[in-house]
Amino acid sequence: MTYALQLRGVHKRFGRVEACRGVDLAVETGSIHAVVGENGAGKSTLMNIAYGLVRADAGDIVINGEAVEGRSHAPAGAIARGVGMVHQHFMLVGSLSVVENTVLGNEHRRRGLLDLDTPARELAALADRYNLDVDPRARVDELSVGQQQRVEILKVLWRGSEVLILDEPTAVLTPAEVRELFDILRGLVAGGATVVIITHKLDEVVAIADRVTVMRRGENVAELSGDAIAAPDIARAMVGRPVLLETARGDAGADHRDKAGEAQLAVDDLVVLRDNGTRAVDGLSLQVRAGEIVGVAGVEGNGQTELVEAIAGLRRPAAGTIRIAGRDITAASVRQRFDAGLCHVPEDRHHRGLVLEMAIDDNLILGRQREFSSGWTLDGDRIDEHSRRLIADLDIRPTDPRALVGGLSGGNQQKVVVARELSRPAPRLLLCAQPTRGVDIGAIELIHQRILAAREAQLAVLLLSAELTELRALSDRVVVLYRGRSVDELSAAEFAAAGGTERVGMAMTGAGGRGERVGG
Amino acid sequence: MALGSVLIIAAQQSPARVYWTMISRTWGSAYGLGEVLHRATPLIFTGLSVAIAFRAGLFNIGAEGQMVAGSMAAALVGGSLPGATPMVVALPCCLVAAMAAGGVAGAVPGVLKARFGAHEVINTIMLNFIIASLVLWLGNRFFFASETTHTAPIIAAAQLPRFGLSGSNANASLVVALLAAGAVWYLFARTRTGYEWRVVGHNPAAAEAGGISVAGAIIGSMAVSGAVAGLVGANNVLGYKHYFENGYGAGVGFMGTAVALVGRNHPAGIVAAALLFGTLSHGGLEVSRYVAKELVDVLQAVIILALIASSAEVRRLQQRGPA
């Protein structure tokens with residue numbers, strides 16, 4: 001048995017944090033090896049050590065049977081040894097073409113001039129061989145996220161890498177793109193390459209990995225391979241205790257719907273335009289009643305963002321009305337909406353939800369600073385009491401209220417947003433967009449429980465998510481959004497029934513459901 | 001330091017003597033100390049001014065113009081009050097006038113930014129020229145004493161007392177500056193408005209989602225920034241010249257950017273940085289008998305650059321070491 005990449009007894013400490021505590025990893029040549037663990041478990045550090053971005057304090061790195069001297073080699077050394085990395089955040093220059101991005105730093109010259117033709121031909125051949133379907137001459141910022149990722153993969157292949165490390169490759173992809181990516185990875189392995197993927201999504205691990213290394217708190221705690229790879233076992237190893245992968249909704253959706261109260265959110269014939277003037281939301285009507293969770297499914301870019309912005313007061317609708325608890329808030333200010341009972345978990349916590357440069361306590365009063373001031377001054381004691389209570393309640397780590405939010409893991413950052421919004425004084429409507437995107441499973445479980453608790457507390461919940469499993473687990477009713485319209489609507493029972501997920505998937509692409517019947 | 005020495009040697013002077021003069025003639029005598037304080041005071045105002053805007057995410061390059069507007073306003077009000085006005089009325093009137101004029105000069109680019117998205121760097125720079133020309137025109141047309149470029153003197157009750165200090169020009173405007181520094185600290189550390197401005201400075205999108213008025217924060221912070229710059233008039237007019245003179249103190253507004261940078265936008269740091277710049281400024285004057293004036297300017301710049309670089313280096317080392 002040969003190993004493409006071996007790490008033995010790797011230690012790495014950042015200040016007081018021990019990111020890796022004697023980790024061993026052996027990746028077989030020609031296999032897909034998943035490294036899983038919650039945020040902060042040390043998996044990214046481990047891979048950065050393998051790629052030479054970070055120098056280990058102790059331990060050995062062996063690549064294709066050859067030991068790397070001095071526990072470190074710069075990325076240039078890693079590339080020379082055939083190791084390439086695709087980062088979670090792409091390293092591409094948007095205004096340049098695919099081929100220009102690929103050769104960056106390795107430019108070929110012919111008679112002193114930059115030669116792009118040769119690499120372009122080589123890229124086309126590689127793309128052809130691995131079904132990557134990317135035009136080398138296309139401008140990167142005109143490509144979809146999935147295509148940009150393929151450019152990153154092509155870049156690594158073109159530089160001659162046989163071991164590919166992918167850091168959270170599916171975080172930004174739609175379900176269809178994930179399937180395509182997995183086909184590509186299988187093709188690469190069939191062609192003799194070795195793939196290491198870092199992830200915390202269990203269903204993906206089960207779907208693709210030949211072998212799994214589970215990390216927790218800087219140590220490898222479990223190693224599974226072949227048929228032994230099962231989601232509950234991995235989850236238990238990751239978190240250190242049994243985890244409910246599908247949060248129980250308590251009672252069946254249909255029964256619950258009868259118990260649901262009056263409409264807390266009423267959207268009528270809503271039209272919302274994108275910045276470029278096209279219709280993002282196109283005549284949408286929907287209602288959410290007290291004690292009901294309505295899920296909104298759809299491929300990204302079908303009006304979800306604009307719908308959320310219109311309800312939250314961040315984008316003025318072109319037509320239609322929005323009411324919260326019977327009060328018309330279509331043209332109301334953001335503050336008036338909060339006063340009417342809105343709680344808003346924005347779809348991108350870094351963009352709208354948090355101020356990364358400020359502390360946890362500062363972020364826990366964001367949008368609620370009036371509530372926590374007496375006259376013109378902030379009430380430090382009340383803010384402190386509020387912060388400590390929420391930090392304990394949602395198990396936010398670190399527990400120091402003065403810690404900067406930018407230094408928190410994705411899960412803990414999201415807990416800050418959820419804690420702040422759900423602790424508003426008189427909540428009626430929870431507007432919740434992508435609540436668990438980029439969040440580890442421990443935090444997902446907790447956030448799901450809080451969303452269900454909000455329903456029990458008779459809040460109306462509008463839940464927008466790209467994760468169908470999340471929608472299925474939580475929603476009493478699911479609306480499928482396609483080109484800004486509702487093209488299908490399913491009860492929880494219909495969604496859970498055989499073929500329910502397929503029906504939603506079809507509707508998301510504009511086929512099936514009520515899609516065909518909706519005229520122009 | 002070494003580079004400075006090379007320059008001094010090139011000018012055929014002893015580095016030791018030049019540096020010694022710089023230190024002994026500033027912090028070594030009462031007069032020197034007073035002059036340092038006098039020169040530091042306006043820098044505290046402009047440094048604070050730049051920092052206020054910066055905390056709200058804005059670059060106020062207009063402290064120069066705002067300070068001219070404030071100085072002119074202070075001089076006009078101070079000169080037109082009846083001679084019998086008591087000090088407790090006259091001083092606040094002049095200070096409020098300085099702040100109001102500076103505040104308006106700051107609010108204008110704030111409104112342009114908030115309403116039309118015009119970049120504040122361009123607005124404030126352009127406004128510097130507009131204010132300078134406007135003040136000169138108004139002065140020549142209406143206010144300047146004939147054949148001069150300064151206004152009539154302000155009444156005695158509007159003058160800020162000097163500290164003495166062997167006849168140096170240090171005056172009570174330093175107290176105003178320190179009060180302003182305290183107020184700025186309080187604004188950002190303790191008040192809701194300061195909190196909202198900081199949020200807007202770091203992440204306007206999150207501020208918007210939280211119901212904070214981004215336009216309000218831009219206009220408000222620029223107005224306060226301008227008002228503090230306007231207080232430079234307290235030192236230059238009320239405390240020192242006792243009239244407004246066109247061109248006096250030019251450059252202090254721009255130096256405010258450097259003061260805020262070295263002081264890391266923190267009020268206490270700004271006071272310390274202003275004292276340093278004041279020391280260099282007066283020390284430079286004292287050594288100009290040995291070396292050429294231009295070389296003194298170069299020397300000052302070299303020292304400032306060395307300080308900035310070393311503080312960046314110290315920070316880097318701190319981050320590397322165990323947290």
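## Contacts and fold of chain B

In this predicted model, residues 24 or more positions apart account for 78% of the contacts in chain B with a separation of 6 or more. Buried residues make up 52% of the chain's 323 residues.

The secondary structure of chain B is helical: 14 helices and 0 strands. Read along the sequence, the pattern is α-α-α-α-α-α-α-α-α-α-α-α-α-α. The C-alpha trace spans about 60 × 60 × 30 Å along its principal axes.

## Helices α3 and α12 of chain B

Two packed helices are described by the angle between their axes and the distance between the axes. Helix α3(B) covers residues 30–55, and helix α12(B) covers residues 252–262. Their axes come within 7 Å and cross at roughly 65 degrees. The crossing is right-handed.

Which residues meet here? From α3(B) come Pro42(B), Leu43(B), Thr46(B), Gly47(B), Ser49(B), Val50(B), Ala51(B) and Phe54(B). From α12(B) come Val252(B), Gly253(B), Met255(B), Gly256(B), Thr257(B), Val259(B) and Ala260(B). The residues of this contact divide into 9 nonpolar and 6 polar, with no charged residue.

## Where chain B touches chain A

The contact between the chains takes 18 residues from chain B and 25 residues from chain A. On the chain B side, the elements that give two or more residues are α8 (192–202) and α9 (204–209). Helix α8(B) supplies the largest share, 7 residues.

## Strand β6 of chain A

In a regular strand the side chains alternate between the two faces of the sheet. Strand β6(A), residues 83–86, is covered on both faces. Val83(A) and Met85(A) lie on one side. Gly84(A) and Val86(A) lie on the other. These four residues are all buried; to count as buried, a residue needs 20 or more other C-beta atoms within 10 Å of its own.

Which strand pairs with β6(A)? Strand β9(A), residues 163–167, pairs with β6(A) in the parallel sense over 4 bridges. Within this pairing, Gly84(A) stands opposite Leu164(A) in β9(A).

Technical notes: Residues numbered from 1 in each chain as written. Chains lettered and ligands numbered in written order. Predicted model: local features only at pLDDT ≥ 70, side-chain atom pairs only at ≥ 80, totals over all residues. Buried ≥ 20, exposed ≤ 12 C-beta atoms within 10 Å, placed from the backbone. Contact = placed C-beta atoms within 7 Å. Axes fitted to C-alpha atoms, helices over the stretch in contact; angles between N-to-C directions. Left-handed = near helix turned anticlockwise from the far one by under 90°. Nonpolar A, V, L, I, M, F, W, Y, C, P; charged D, E, K, R; others polar. Pairing = 2+ DSSP bridges.
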